[in-house]
Amino acid sequence: VHGIQLMQGLTEEEKKKKKNKYRRDKPWDNDPTLDKWKIEEFKPEDNPFGLLADSSFSILFPQYREKYIKEIWPLVKKELEKFHIKPELNLIEGSMNVTTSKKTWDPYIIIKARDMIKLLARSVPFDQAKRILEDGVFCDIIKLKGLVKNKERFVKRRQRLIGPNGMTLKALQILTSCYILVQGTTVSAIGNFKELKVVRRVVEDAMNNVHPIYNIKELMIKRELMKKPELQNENWERFLPHFKKQNQKKKAKKATQKKDKIYTPFPPEQQPRKIDKMMETGEYFLSQQQKVDMKKNLKMQDAKVKSEKKEKAKDNVFIPPDEDKLFAEKKRQIMEREQAPPVDELKKKFFKKGSKQQQHHFAHLHQ
């Protein structure tokens, strides 16, 4: 208690001096070339004794990926043997396994190997999947299946994420510096963990009916603001766009008047079953072969009727028109022209119906 009271009576400078009384300067305190935040590479010398226990992971892959995985499996083996990981391919079960060995020195490499085979199962090419074994590279497999229940809506929103000729996805890849692949009901992304968060947000927004172009526009603005050091410690909210949600008005459905049903205490007449109908026609008592023959005959009859109709339509082109009918039609048209009212009568009708202005204009034209 006495020591605490003494410390409370001291000034801030005296407190600092007392705190660092026995502290010596370290070599990294004043070294400008030293990056304190740099994560050093993990080497075999850092863990010469290996791991305490073996770990293994198994991943299933779809049948359509079997051919490709079979072709690139020697390359997968070669890549994982550098870290003393044992890969196994089981074509009967359709699975890929990775297991640590006694020589494995990196404890986290088994997680990286698991992610690699998971990406290969999700149609990611080997050249991109092997990047996951590098330090500072991570992956995220985003599941889309439960985000949208309606299948048609799901397909439209997924296509919106890809864009025309894959342009939206390409723009997102450039802005986030991540490799992104849309396959079935998942989106696989490889890159830095910070950028993977951005990719996940954009993908989930796209499935929640927010167009990816809004997020891409925001990312483009942020990218330009990063280049300006004077805005480093300022709030960027005023530069970012704010999009308001527009609710489109639905067309009002026409109200249909329901006809009042006449009340009857008796239940409606029972409809005949399929078996009852078959019994009436006699189809129920036929054998299986007779039923097949009957269906064939019906099809042939329908085909015959259709072919007859087509032939008739073709023959109608070559039938000459009835000359008597044509002559009678022409005669009727000539009679109608002769019986047409004279021009003077039309003028009178026009003057009666038209306004004074129209009458004056018509009279002026005929002067």
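**Overall composition and local features of the predicted model**

Of the 367 residues of the protein, 23% count as buried, where buried means under 20% relative accessible area, exposed over 50%, and partly exposed in between (1.4 Å probe, protein chains only). The structure is a predicted model, in which local features need pLDDT of at least 70 and side-chain atom pairs count only at pLDDT 80 or more, while totals for chains, interfaces and linings use all residues. Residues are numbered from 1 along each chain as its sequence is written, and side-chain values use heavy atoms, with hydrogens and water left out.

The protein contains 14 helices and 6 strands. These elements are DSSP runs numbered from the N terminus, helices being H or I with at least four residues and strands being E with at least two. The accessible surface of the protein comes to about 31400 Å², and 54% of this surface belongs to carbon and sulfur atoms. Such areas come from the Shrake-Rupley method with a 1.4 Å probe; for residues, only the protein chains shown count as cover. Contacts (heavy atoms within 4.5 Å) were also counted along the chain. Among those between residues at least 6 apart in sequence, 56% join residues at least 24 apart.

Leu91 is found in the loop between strand 2 (85–90) and strand 3 (95–100). With neighbours within four places in sequence left aside, Leu91 is in contact with Phe61, Glu66 and Lys70. The C-alpha atom of Leu91 is separated by 9.3 Å from that of Gln63, 28 residues apart along the chain. Leu91 counts as partly exposed because its relative accessibility is 32%.

Ser101 is placed in the loop between strand 3 and helix 4 (109–121). At 13% relative accessibility, Ser101 counts as buried. Not counting residues up to four places away in sequence, Ser101 touches Asp54, His84 and Lys86. One of these partners, His84, lies in the loop between helix 3 (66–81) and strand 2. The phi angle of His84 is near 60 degrees, a positive value in a residue other than glycine. The relative accessibility of His84 is 29%, so His84 counts as partly exposed. A positive phi, of about 70 degrees, is also found in Ser123, although Ser123 is not a glycine. Ser123 is located in the loop between helix 4 and helix 5. The relative accessible area of Ser123 is 15%, and Ser123 is therefore buried.

Patches are made of residues with over 30% relative accessible area and no salt bridge, with like charges joined within 9 Å and nonpolar side chains (Val, Leu, Ile, Met, Phe, Trp, Tyr) within 5 Å. Asp35, Glu40, Glu41, Glu134 and Asp135 gather in a patch of negative charge. For charges, Lys and Arg count as positive and Asp and Glu as negative, whereas His and the chain ends are not counted; the place of a charge is taken as NZ of Lys, CZ of Arg, CG of Asp or CD of Glu. Glu134 sits in the loop between helix 5 (126–129) and strand 4 (138–143) and is partly exposed at 45% relative accessibility. The nonpolar patch is formed by Val210, Ile213, Tyr214 and Phe243, with about 340 Å² of accessible area together. Phe243 lies in the loop between helix 9 (212–226) and helix 10 (274–281). With a relative accessible area of 42%, Phe243 is partly exposed.

A search of the whole structure finds 9 salt bridges, a salt bridge being a side-chain nitrogen of Lys or Arg within 4 Å of a carboxyl oxygen of Asp or Glu. Arg114 forms a salt bridge with Asp115, the closest N and O atoms being 3.1 Å apart. Arg114 is partly exposed, with a relative accessible area of 21%, whereas Asp115 is buried at 13%. Glu218 is paired with Lys222 in a salt bridge whose closest N and O atoms are 3.5 Å apart. Because Glu218 and Lys222 are 4 residues apart in helix 9, they are separated by about one helical turn. Glu218 counts as buried at 18% relative accessibility, and Lys222 counts as partly exposed at 25%. Arg273 and Asp276 meet through their side chains in a salt bridge of 3.3 Å, N to O. Asp276 is partly exposed, with a relative accessible area of 24%.
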